[in-house]
Amino acid sequence: MLPEISDLIHCSAVFLPADPARTGRVAFWHPDGRDCHDGLAGPAGTLEELTVITPALRPATVTALVLPVADALPLLTRARAAAVPPAVPPAGPPVDTPAGTAAPGPGATPAAAFWGAAALLALRFAARGLLLPGLSPTDHDAWRIGPLDAADLAQVRELAAAMPPAARCIAVPPARADGDPLRLPAPEPLLRAFLDAVADTLPRSPAAPAAADGPAFAAPEPGRYPGLRPWVAEVAAGQDAGVRISLRIELTDRPDRPEAPGFRAVLQLHSLSDAAVVADAAEVWAGSGAAAAGFAPRARMDALLALRRAARLWAPLTPLLTAAVPGSVELADEEVTELLGGAAQALAADGVQVHWPRGVAHGLTTHAVVGGGPDHTDPNRTGPNRTDPDRTGPAPAGTLGPVGTPGLLSPDALLSFDWRHSLGDRADDLTPAELDRLAESHRPLVRLRDQWVLIDPAEARRARARQDRKVTAADALAAVLTGSAEVDGRQVAVTATGPLARLRAELAADPEDPAARAAPYAQQSIAQQTITQPAALTAELRDYQLRGLAWLARMTALGLGGCLADDMGLGKTITLISLHLHRQQDPATAGPTLVVCPASLLGNWQREFARFAPGTPVQRFHGSGRSLAGLPADAVVLTTYGTLRLDAPALAGTPWGLVVADEAQHVKNPHSSTARALRTVPAPARVALTGTPVENNLTELWAILDWTTPGLLGRLGTFRNRYADAVERGRDPQAAARLGALVRPFLLRRRKSDPGIAPELPPKTETDHAVALSPEQAGLYEAVVRETLAAIAAADGMERRGLIVKLLTSLKQICNHPAQYTKEGAGGGSGGGRSGKLELLDELLDTILAEGGSVLVFTQYVTMARILEKHLAARGIGTQLLHGGTPVPRREELVDRFQSGEVPVFLLSLKAAGTGLNLTRAAHVVHYDRWWNPAVEEQATDRAYRIGQTQPVQVHRIIAEGTLEDRIARLLERKRALADAVLAGGEAALTELTDAELAELVALRAERDGENGR
């Protein structure tokens, strides 16, 4: 077990370097001699007597908790986070702190704060990939931080200069026999040793063999590899050891063709310790020149090692390796073309920069301008109901042309990118004739505008070929919103003009800008026109709801759809009712509204319209005898996703003014029959309502936004290749930023925790209750694990995956109650101490009901809910059960009974009751078992924690300690912050575990913290 933050921030800390670096350790102790180690020792750390140097420069012996670097890292970073500056600055002159540090907060020791800052710096370097393999002084395989550029080195030195004496209070051996034995280590070498220790720890894998002949740089156990010394020296050369090399390209006179100069690459050496020291290799070899004196005698060998590595990347450097003096090499035209075409980037990635001649422009800079209006439509497209081979259904009827830009975003519109090309960093654009001249050149060197231009002719030819390329209007909008487009594998800057620029300005405009509102109404954009609450609404919209209405009104007026993704309970329903009333005020947007929702929410929608818009005609298109005959122009029609699948043609034949998909996660699978049916219903405006736009992966986001604004995110395959795969796998940090810029105008997301959204909401407290399994549960658990793991080891493919899912389900049922697993069901005995969870639930309910409270109890299993129902009834506790099979009228009756206080305990199936219910009577929510997705649990909790709740809400999660549930609970806790981003696929992801990983996951432990050091 490791110390809590409250213990740690009062401890002093020091790093104890070792060889190899990953065996270094961090020691914690109280500087005033108090014990900070009681109960803290375990397999991860040891208690040791440590000699430290006191501020009076005297040795002292302390009992310290000594941890490996890997175990100390999370503690140090958390301690650093706790070391915040005090709220009131101390008296006296200000004290500057170095970058990456801050004055420690009250109670935090300077040493713990410093090593926490060092840990964060090391993690940032590692996250940038600054890791180099090498050997320790004793020939052990070791990673280290590097290569560091000048800015990185300055940051390290600045942090080292801020190292407090307490952070390096260990004596180092005296330099001489008569030296001072109390000499402290120098700050910068000690800090670099710690950074290397972190670097040497992170890439290690427990799965790598630990034997002496195991793979170097992977196994956690040290291995000696003296034979790797030559390879290590070559890796280090030019990176963080020796010297760095670069190439200076020069133009040379050619006697046979004075009008066409040749090329030469000159090898240069740079000092790693002083960036200002640069010299030609010829000068260093000759020992001449002032700059050459700044290099050590070994610089020649280091340069050759770096040159050998560079020659593997670009073969024209090979002759320098055999030259007596590797000063320069003559280059052919095709070799310079290689350098322009990508070889320079490969060399730069290896630390070898290429410096082009001064005064010579090189390379094409390309950007595009788009938005002048549609060029033409594709004659091969047959109309608005064409079928796109990569779409999941026919495209929507009608056009999505926004106000003031008719047809701009119609499905058939094609736009031209107006390509602009310039040389290097010059601002003026090339003319078509100049681009033709570069493309038709047979040399990489061309005389243009009275100067020499270095360019790859193939690049110029590709640029010329792009001139007539057309893009869909949706692709053009995506390009201008993100500011870039991918062309031939490269990101190209894109700007908007004309109607597309006006549309982009509409999407980016601030509707609350006073200056914009001051303009004459006729000159205001749609975004600037003030949206007020509809007079027919019998409620007072909150500020954030009014902003939501303004946003929806703007998007639908522009002919674009949108997704309102507010947290559950923030009033998406009343905001949509307001939108319907607002659109009826303008003949251009008036028309009937279709709301598609789960069957369980039909009654809720009807009641809300009757309450907030009593004059609006509302009818259900559901059940037998459904009809749309005689539909009023301002009517609202409520239907279900099931009815939509059955009767899509009738719904598609009605001229709707607005179509709404409530709980839009029901169409998150774009290939489902429900999603296909929804796409056949035409409308000039579409709105999706959901509290969880992404539950499992970004395909769900694509499915929702591709319905609200068809074509915005491109085809599904393209979207996955361009954005989803890169974001979900963390390959491209910029992909998430580009996707965010693209979807942000079309998705409005507010959380209860956002400042100013719902300040009147009472506090919410979440508590995890750990319970022990009963003897019967423990016996069943171990038997199922033992038998099923044996079967899994002998299976493969789909059979193995099926067995894993069966194992996980069985263990969760056993943790709930033995009667659920043994299929005794509601008829099985539920008392007698058979279930630790049930005993705790009884205790919670006794306390809650004694205080006159009401409670929601969620479980993912209807069978378990029935067991609980029978058990509570036997105890005389008033309860009722709602599950997926509950008819809609009965569902509404159950809600009314609970809200009126008639029944204090409401048992609910998690999936069936996780949306669309307003149960603010409850001040307590109990999750009897854990779902795989924290977003689903939070939706269920939001049945009670929503607008209208006046009591503090207590959320209780019951977890069987030492079991699969215990590990899943920890996993979900880490994922909770990602509930609105990309989540793993629950059981599906666990089916890919290895046998050993699976055994580790499901093993029954004697106590919850049996791992000792989680």
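User: A nonpolar core is a set of buried (under 20% relative accessible area, 1.4 Å probe, protein chains only) Ala, Val, Leu, Ile, Met, Phe, Trp, Tyr and Cys residues joined through side-chain atoms within 4.5 Å. Of the 93 residues in the largest such core, which touch the most other members?

Analyst: This is a predicted model, in which local features need pLDDT of at least 70, side-chain atom pairs count only at pLDDT 80 or more, and totals for chains, interfaces and linings use all residues. Residues are numbered from 1 along each chain as its sequence is written, and side-chain values use heavy atoms, without hydrogens and water. Within the largest core, of 93 residues, the members that touch the most others are Leu477, Leu507, Trp605, Leu713 and Phe719.

User: Which helix gives the most residues to this core?

Analyst: Helices here are DSSP runs of H or I with at least four residues, numbered from the N terminus. The top contributor supplies seven residues and spans residues 698–708: helix H22.

User: How do H25 and H26 run relative to each other, parallel or antiparallel?

Analyst: H25 (residues 775–793) and H26 (residues 797–816) have axes 10 Å apart, at an angle of about 180 degrees; axes are lines fitted to C-alpha atoms over the stretch in contact (heavy atoms within 4.5 Å), and angles run from 0 to 180 degrees between N-to-C directions. Angles over 145 degrees count as roughly antiparallel. The pair is therefore roughly antiparallel.

Key: Helix = DSSP H or I, 4+ residues; strand = E, 2+ residues; numbered from the N terminus. Parallel < 35°, antiparallel > 145°, perpendicular 65-115°, else oblique. Buried < 20%, exposed > 50% of the residue type's maximum accessible area, 1.4 Å probe, protein only.
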